[in-house]
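Hi,

Here is the structure I promised to pass on. Have a look at it first, then read my notes below with the model open beside you.

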Amino acid sequence: MGKALGHNSKSTRWNLLALGRLSEEEARLRLAEFRWGSSTEQVCPDCGQVDSHYVRRARKQWECKGCRFTFSVTTRTPLAYHKIDHRHILVALRLFEAHAKGEAALVMQRLFGGDYRTWFTLLHKIRDAFTRTVPLQKLSGLVEIDAGYFSGAIRSMRKRRYKKKSRQNRRAAIVMREKNDGKKEGAGRTVTIICRSENPKDIAALITMWVEPGSTIRTDDHPAYRSIPRILYKHEVVNHKVEFSSDTGVNENQCESFFSRMRRSQTGIYHRITRHYMIDYANEMVWHEEVRHMDTEARMRNLVRRVFNAGRSPDWSGYSHGHRRQKELLFAA
Ligand SMILES: [Zn+2]
């Protein structure tokens, strides 16, 4: 049997049973090590000083040697004021990391008890952190672009009377993937944006915003892509109706693989992805795609750093007190 991609069979550090044996204190220190990349030094969330700050053990906090600010491992992270202990946070992150098709709050509640909403908000805070920390560097080289429609799908003929309403909720996830030529197989960086539809105006704006001039863009023959500025980019077209991959090897496998992951997650795990949070689910799938070649240790490091460094979430802090995301995160040129 071949070794599964990206899983480190030798390491038992992240084995669920081993995690379950950690004390609450050990779990807290492991999160600290992963947040700050050191088991001895911390970064003050207020003034940024890196030091072995004073330990306030009884309060599970540190006090900054520079500005005297007291902070915990979750201060100014999306998980500040968490309702569950550090061991559960660690285990939840581990399950989130391991389940490439996504993690359902209901399953977490079944496994660990507690309130469904606690797990629901925790998982959403992780996804929302991805959305708020998308790296802003442009994509370059060979970039594949395609759109997939999610939310507001018409499931059966009987429901056709809801058609109009469903259409209103339908959104296009535009995905742009760098093709990683040469080195590892598959795609390099991926960016996904939600638009109302695959239309020329949004496509042209997105490309100028996200793709380095001089790059080659590969798309299907949808008319929206005729708006790609020819002076800046080389445009290659695959005609899906005629051929899956053209004779010259032009194809769109990377985008297809992203959409199939997202559809499997919708069908198998989340069941319903609403337009309000679609970008977060899409970014969750982007994360899974991007870390798939890493081992567990590296993924956990990546996950904790990314989530903890995202800062408090404007949409998810105080969710249980009625604070909600007011506007859909929709791109419109
Ligand atoms: Zn400080």
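Let's start with helix H5: its 17 residues reach 24 Å from the first C-alpha to the last, close to the 24 Å expected at 1.5 Å a residue. Keep in mind that this is a predicted model. H5 is mostly covered, with 13 of its 17 residues buried.

For the overall picture, the chain has 10 helices and 10 strands. Of its 333 residues, 33% are buried. If you take the contacts between residues at least 6 apart in sequence, 64% of them join residues at least 24 apart.

Which residues of H10 are buried? They are Arg 299, Met 300, Leu 303, Val 304, Val 307 and Phe 308. These residues cover an arc of only 140 degrees around the axis, which puts them on the same side of H10.

The pairing of H10 with H2 is worth a look of its own. As a reminder, two packed helices are described by the angle between their axes and the distance between the axes. Here the axes of H2 (residues 24–36) and H10 (residues 296–308) come within 8 Å and cross at roughly 80 degrees. An angle of 65 to 115 degrees counts as roughly perpendicular, and H2 and H10 are therefore roughly perpendicular to each other. On the H2 side, the residues that meet H10 are Leu 31, Phe 34 and Arg 35. Their partners in H10 are Met 300, Arg 301, Val 304, Arg 305 and Phe 308. Sorted by type, the residues of this contact are 5 nonpolar, no polar and 3 charged.

Trp 14 and Thr 296 are 282 residues apart in sequence, but their C-alpha atoms are 7.3 Å apart in space. Leaving aside neighbours within four places in sequence, Trp 14 is in contact with Leu 19, Arg 94, Thr 296, Glu 297 and Met 300. Is Trp 14 buried, exposed or partly exposed? Trp 14 has 18 other C-beta atoms within 10 Å, so this residue is partly exposed.

His 276 is in the loop between helix H8 (253–270) and helix H9 (278–290). With 18 other C-beta atoms within 10 Å, His 276 is partly exposed. Apart from neighbours within four places in sequence, His 276 is in contact with Arg 325 and Glu 328. His 276 and Lys 327 are 51 residues apart in sequence and 7.3 Å apart in space, C-alpha to C-alpha.

Last, find Val 55 in strand S3 (residues 54–56). Val 55 has 12 C-beta neighbours inside 10 Å, so this residue counts as exposed. The C-alpha atoms of Val 55 and Phe 71 are separated by 10.0 Å, and the two are 16 residues apart along the chain.

Cheers

Notes: Residues numbered from 1 in each chain as written. Predicted model: local features only at pLDDT ≥ 70, side-chain atom pairs only at ≥ 80, totals over all residues. Axes fitted to C-alpha atoms, helices over the stretch in contact; angles between N-to-C directions. Helix = DSSP H or I, 4+ residues; strand = E, 2+ residues; numbered from the N terminus. Parallel < 35°, antiparallel > 145°, perpendicular 65-115°, else oblique. Contact = placed C-beta atoms within 7 Å. Nonpolar A, V, L, I, M, F, W, Y, C, P; charged D, E, K, R; others polar. Buried ≥ 20, exposed ≤ 12 C-beta atoms within 10 Å, placed from the backbone. Arc of directions from axis to C-beta. Expected span 1.5 Å × (residues − 1).
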